[in-house]
Amino acid sequence: MPIPRLRNYEGPAILSYGFRPFFFFGAIYSGLAVLLWVPLFQGWLEIQTAFHPIDWHIHEMLFGFLPAVVTGFLLTAVPNWTGRLPVQGSKLGILVALWVIGRIAVLFSAWIGAIPAACLDGLFLLAVTAATANEIVSGRNWRNLKVLIPLTVLFLGNVVFHLEAYFQGTSDYARRLGVAAAITLIMLIGGRIIPSFTRNWLVRENPGRLPVSFGRLDVFAVVASVLALGLWVARPELVLTGALMVAAGGVNLVRMARWAGERTLREPLVFILHIAFLFVPAGFVLTGLTVLLPAFVSPQAGYHAFGAGAIGTMTLAVMMRATLGHTGHELSMSKGAMAVFLLALVAVVTRLAAAFDLGAGAHLIEISGGAWAASFLGFALVFGPMLLKPR
């Protein structure tokens, strides 16, 4: 279905479509938050948050940055799914304001109080979930109701994160719950758009083997992965959990091998989607090996394969393509965009190396943080003019 006609709108371009403010400000916040995290990690700086510094970092990546990008994607995709007009103008501005209020509340939660901060922070994901549900139900687009499940889990994970931090002093279940919700979204949405974009390009530019259509293997892979993630959230120490996570990684690897990604090397904008999804099976395998081979694999390896790897690179890849496509630009990667994505890969590789403690862990974390910040701030620099100006 084509992009629906916009309402008559004469306000600032950044509030004309959901992807514009949330991609732009989400990318900037991601870069700045990691720049702040590195000196926090090294003990050079303190902030007025009620969270432990590591919890603040985890929370703001999972429940601050990620929901912004997910919201930008959904507010752009749902009108295409339902045929309804997109959220824009003052209504979109309210959602942006709720997101900003949440980030400020968490940062200064030691001043305003942990409970008021939790309430303010929770408003954004609650509003986004409600708005998405309303659009899908009003448009009778029943088959896409499934995106509400991980979105709701993300909201609940945020609530649990605040409760654990308040009553226990640190988060536990909520960390895994947030990661599980994010990876489920990637498996659902990525599993839909990656084969589609790949097929479209191959039919046009490189005839031959095409991605296999969605079928029973895809359903099995998603269901098996969600079950493995559920057990990981509840009982991460079980050998069964480790075995199921490794198996889920293998099934996802088989699934993505059917998408003909190796045939898209000549089109980086498509190929990077396959690279990003590769961190999903990698995250499953490394997380499983944490249990099966604890002497060799640190839990941080799995967390960051999922987080910096799958979540970080997939959000970048989707933001790039959506920005180009919805602002009327040619769907091709510039040198600047390529540099942005390569910097993200540097951030992932160095962070995974630090997780394996190769003798320079602290320095590798600094390099990773610098590369991550340069990548996402670079996205705002390269794509900002497209997001801030009219189509």
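**Buried positions and enclosed space**

With 14% relative accessibility, Thr-129 counts as buried (under 20% relative accessible area with a 1.4 Å probe, protein chains only; over 50% would be exposed, and values in between partly exposed). The model is predicted, so local features require pLDDT of at least 70 and side-chain atom pairs pLDDT 80 or more, whereas totals for chains, interfaces and linings use all residues. Residues are numbered from 1 along each chain as its sequence is written, and side-chain values rest on heavy atoms, without hydrogens or water.

Thr-129 belongs to helix α5, residues 114–138 (helices are DSSP runs of H or I with at least four residues, numbered from the N terminus). Apart from neighbours within four places in sequence, Thr-129 is in contact with Leu-148, Leu-151 and Thr-152, where contact means heavy atoms within 4.5 Å.

Asn-144 sits in the loop between α5 and α6 (148–168) and, at 1% relative accessibility, also counts as buried. Its side chain is joined to that of Asn-141 by a polar contact of 2.5 Å (a pair of N or O atoms within 3.5 Å, one able to donate a hydrogen and the other to accept it). Beyond neighbours within four places in sequence, Asn-144 is in contact with Trp-81, Ile-136 and Arg-192.

The largest cavity has a volume of about 210 Å³, and of its 15 lining residues the closest to its centre are Val-70, Ile-186, Ile-189, Met-314 and Thr-315. Helices α2 (53–82), α7 (173–205) and α11 (299–326) each supply at least two residues of that lining, α7 giving the most with 6 residues. The lining of the largest cavity comprises 13 nonpolar, 2 polar and no charged residues (Ala, Val, Leu, Ile, Met, Phe, Trp, Tyr, Cys and Pro are nonpolar, Asp, Glu, Lys and Arg charged, the others polar).

The second largest cavity, with a volume of about 60 Å³, has among its lining residues Leu-74, Pro-86, Thr-132 and Glu-135. Two or more residues of this lining come from each of α2 and α5, and α2 gives the most, with 4 residues. By class, this second lining has 7 nonpolar, 1 polar and 1 charged residues.

Note on methods
On a 1 Å grid over the protein atoms alone, a cavity is a set of points where a 1.4 Å probe fits but cannot get out, and a pocket is an open set with protein on both sides within 12 Å along at least five of seven lines; lining residues have an atom within 4 Å of a point. Grid points are joined across faces, edges and corners, and a volume is the space filled by probe spheres set on the points.
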